[in-house]
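Please keep the sequence and the model in view while reading.

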Amino acid sequence: MAQQTGDGMTQGPALALALRAPRSRAIKYGLSVAAAVFLLVWPLFVHDRFLYHMAITLLLAAIGASSLHLIIRTGHVSLCHAAFLGVGAYICVNLVMRLKLPFAVGILAGAGGAALLALAIGPIILRLTGKYFVLVTFLFGEIVRMVFVDWQSLTGGANGILEIPPPSPFFADPQHYYYLALALSALCVGLCARILTSEIGRAIDSIREGEQLAECAGVPVIRIKVMVFVIACGLVGFEGGVQAHYSHYVSPQAYSITESLNFIIINVIGGMTSLVGPLLGTGFIVITPELLRGYVELQQIIFGAILILVMAFLPGGLAGLGGRVQWLMGRARGAMRP
Amino acid sequence: MLSLLSNPTILGQIVVNGLSLSAIYVLVALGFTLLFGIMRVVNFAHGEFVMLGGFALYYLYGMLHLPWLLALVLGALAVAVPSLLLEWLVFRWFYQKMFQSMIGLLGLSMVLMFTGLLVWDAYERNIPRAFDFMIKTHGVILPADRLVTIGAALATLGGFYLFMVHTRAGLAMRAAAQDVEIAETQGINTRRIYQLAFFVAILLAALAGGLYGQIYAVSPFMGERPLLVAFVVVILGGMGSIPGAALGGVILGFTESVLGTLYGGSAAAYASFSVVILLLIFRPWGLLGTPE
C-alpha cells in the first residue's frame, strides 16, 4: 500500500497517502464530470450517422456488460447473459407489435420477464459454485436459444422478427435515439454503481472473497446472490427491448452463446474488479471491430488471443494495467535501492 | 410411437446408431475428462480439435485417397503432434487454474475456429464413405459404414484402456490424476505427464473428429456440437472420472438415438440438457465421480 512518490519518500507513507487521497478523488470527479459533459454535448456539434450508431451501440452494450459485472462480482460467471437479453427483447417486441402496447410498457415488461425468469432459476442454480455454475448457465443459455428457434409463433423461428418499428417517429432520428440511449444507459449503469457502493456492494464483495465466512458473519448469502442475479438479468432484459427497437430486427443468432461470451470478454478484457472494467471493455469491443472492418474473422481471432493473454498474464484486465505498471515500476525501484 | 420399437429394422437402426454415437461421444469425452482430471483444465477448445481431426481425414482420405484406416490414424497424429506446440504456447499457463482455463481456452476456441473459417470458408464438405454396402442378417439391415465406425472407436477405447492400466506411463497418469503433489514427491515428472495426457486427449478428439465428420459433414463450426456433447457426457459421468466418461457417453448416445428416432432431434437435445441440469443441481459430481 505504501506507494511512495519520489519526493514523498522522507515524509513516510502516511503523509504521502494523506496528500494523495483528496487529489485522486478530485481527479476522479473531474474526469466523471468531463465525461458526462462530453457525452451530452458532442452530438450537438457532430452530425455523423455512423458516429451516432457507434455511440448508441456502445451505450446499450454498456448496460449488459455492467449488469454482468454485478453477477461476476458475486463470484459467479454466467454464460447465459445473452439469453436474458433475448427474453427481454422478444417480450418487448411481441407486446409492442402484436398487442400494440406503448414502447415504455414493452421494455419494462421485457425487463420484468427476464427478471422473473432469473428469479425462477436463480435460487436453484446459484447454489452451485465455480465451474458447475458456468456449465449450468452454458447449458441453460443453449436451451433458451433452442426455445427461441422452436417457438415459431412468438419468435419467428430462426428467421427472427423483422421490421420492428422505432419507439416513436420522433426517435427515428438517430440523434434523438442517442439521447434516449444515453439516459437509459446512465440510469442502468448508475444503478449498478449505486448497488456496488452501497452496503449490499460490500456484502457482494464479501461473498466473492469467502462465501462461508460471509455467511458466518451474518450476510444472507443466497438471498443477496439471487437478488443481484435478478437485478442484473432484469437490466440486460431492459437492454434487449431498447436494442431490438433500435436495430429493428431480432433473431436467435443474436442471443446465442457467442453473444454471452462477448459480455464475458468485455468484462475480462476491461477487468473484473471494478465497474470501470466493463465500461473500458465495452469501448474496446465496440470500437475494435470498426477498425478491423471487413476482417470479421481476424477480429474474432484477435479477441480470442487477447482472452488467452489476459487470462494467462493479466488477471486485472485493462483496468488493472495501470496498477500492474505501477507495481512493476515499484519493484524496479525497489531493486535499484541498495 | 413406442410400437415402432417392435419393428426389427427400426430397432436395429436405433441400436447401431446408438452404438456409433456412443463410441464417438466416449472418444471426445475421454480426452476432455482426462485434461480436467489431471490438469484441472476445462478445455472449451476441445470441439476445435475435433474439427481439425475432421479436416485431417477430409484431406488424407477424401483428397489423397490413402487407405481409410491409415488416413484415420495419420490424420489424428497430424493434429495431435503439432498441437503439442499449442500446449507449450497456451495450455501450460492454465494448468491447475480452473477458472482462468475456462475463459482463456474459450479464447483459444475462437482463435482456432475463426482461423479455420479464414482458411476453409464456412461451407460444409463431405468425406466420402469408407464402405457403402449393407449387411443383412435376420431381417435387419445394417450399414457397414456405421459398423466400421463402431469397430474403430472400440479398438481405440481398448487401446486406451490397456495403456492406462498396463503401462507405467498410464499408472503415472492415474497417480497424477489422484493427487498431483503426492505424485511429484514419488518422482513422477508431472511436466512430462501433462504433455502425454494432452497428447492422448487431443489424439482421441481428432480421431473422433474423423469419424464424426464422416457421418455428418466437415466445417469450421462442426466442433460446437461435440463440445456440448463432451460437457454433457462428462457431467453425467462425473468430471475427471474415466469410467464416468464411458458410462455417460453410452447413456447419451442411446438416449439421443432412441428419442431422436422416435420424436426428432430437438426433443433429444431438450431431454439430455434438462437431465444434465437436474443432475448438476442435485448431484454435481456426476454418476461415478466423487464429491470434492
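The model is predicted. Helix 3 of chain A covers residues 81-97, 17 residues in total. From its first C-alpha to its last it reaches 24 Å, close to the 24 Å expected at 1.5 Å a residue. Of these 17 residues, 15 are buried, so helix 3 of chain A is largely enclosed by the rest of the structure.

Helix 2 of chain A, residues 49-73, has 25 residues. Its span between the first and last C-alpha is 36 Å, close to the 36 Å expected at 1.5 Å a residue. Helix 2 of chain A is also mostly covered, with 18 of its 25 residues buried. Gly75(A) follows this helix and has a positive phi, near 95°.

## Fold of chain B

Chain B contains 11 helices and 2 strands. Along the sequence the elements run α-α-α-α-β-β-α-α-α-α-α-α-α.

How does the radius of gyration of chain B agree with that of a compact globule? For 292 residues such a globule would have a radius of gyration near 19 Å, and chain B has 19 Å, which agrees. Taken along the principal axes, the C-alpha atoms of chain B fill a box of roughly 60 × 45 × 35 Å. Buried residues account for 48% of the 292 residues in chain B. Of the contacts in chain B between residues at least 6 apart in sequence, 73% join residues at least 24 apart.

## The nonpolar core

The largest nonpolar core has 185 residues. Val28(B), Ala197(B) and Ala206(B) are the residues with the most contacts inside it. Helix 1 of chain B, residues 8-39, gives the most to this core, with 17 residues.

Which residues does Ala206(B) touch, not counting those up to four places away in sequence? They are Phe49(B), Leu52(B), Gly53(B), Ala56(B), Gly75(B), Ala76(B), Val79(B) and Ala80(B).

## Contacts between chains A and B

In chain B, 31 residues are in contact with 28 residues of chain A. On the side of chain B that touches chain A, the elements giving two or more residues are helix 4 (98-120), helix 9 (224-237) and helix 11 (265-282) of chain B. Helix 4 of chain B provides the largest share, 15 residues.

By class, this side of chain B has 26 nonpolar and 5 polar residues, and no charged residues.

Terms used: Residues are numbered from 1 along each chain as its sequence is written. Chains are lettered from A and ligands numbered from 1 in the order in which they are written. This is a predicted model: local features need pLDDT of at least 70, side-chain atom pairs count only at pLDDT 80 or more; totals for chains, interfaces and linings use all residues. A nonpolar core is a set of buried Ala, Val, Leu, Ile, Met, Phe, Trp, Tyr and Cys residues joined through C-beta atoms within 7 Å. A residue is buried if 20 or more other C-beta atoms lie within 10 Å of its own, exposed if 12 or fewer, and partly exposed in between; C-beta atoms are placed from the backbone. Helices (H or I, at least four residues) and strands (E, at least two) are DSSP runs, numbered from the N terminus. Two residues are in contact if their C-beta atoms, placed from the backbone, lie within 7 Å. The expected span of a helix is 1.5 Å times one less than its number of residues. The radius of gyration is taken over C-alpha atoms; the globule rule is 2.2 Å times the number of residues to the power 0.38. Ala, Val, Leu, Ile, Met, Phe, Trp, Tyr, Cys and Pro count as nonpolar, Asp, Glu, Lys and Arg as charged, and the others, Gly among them, as polar.
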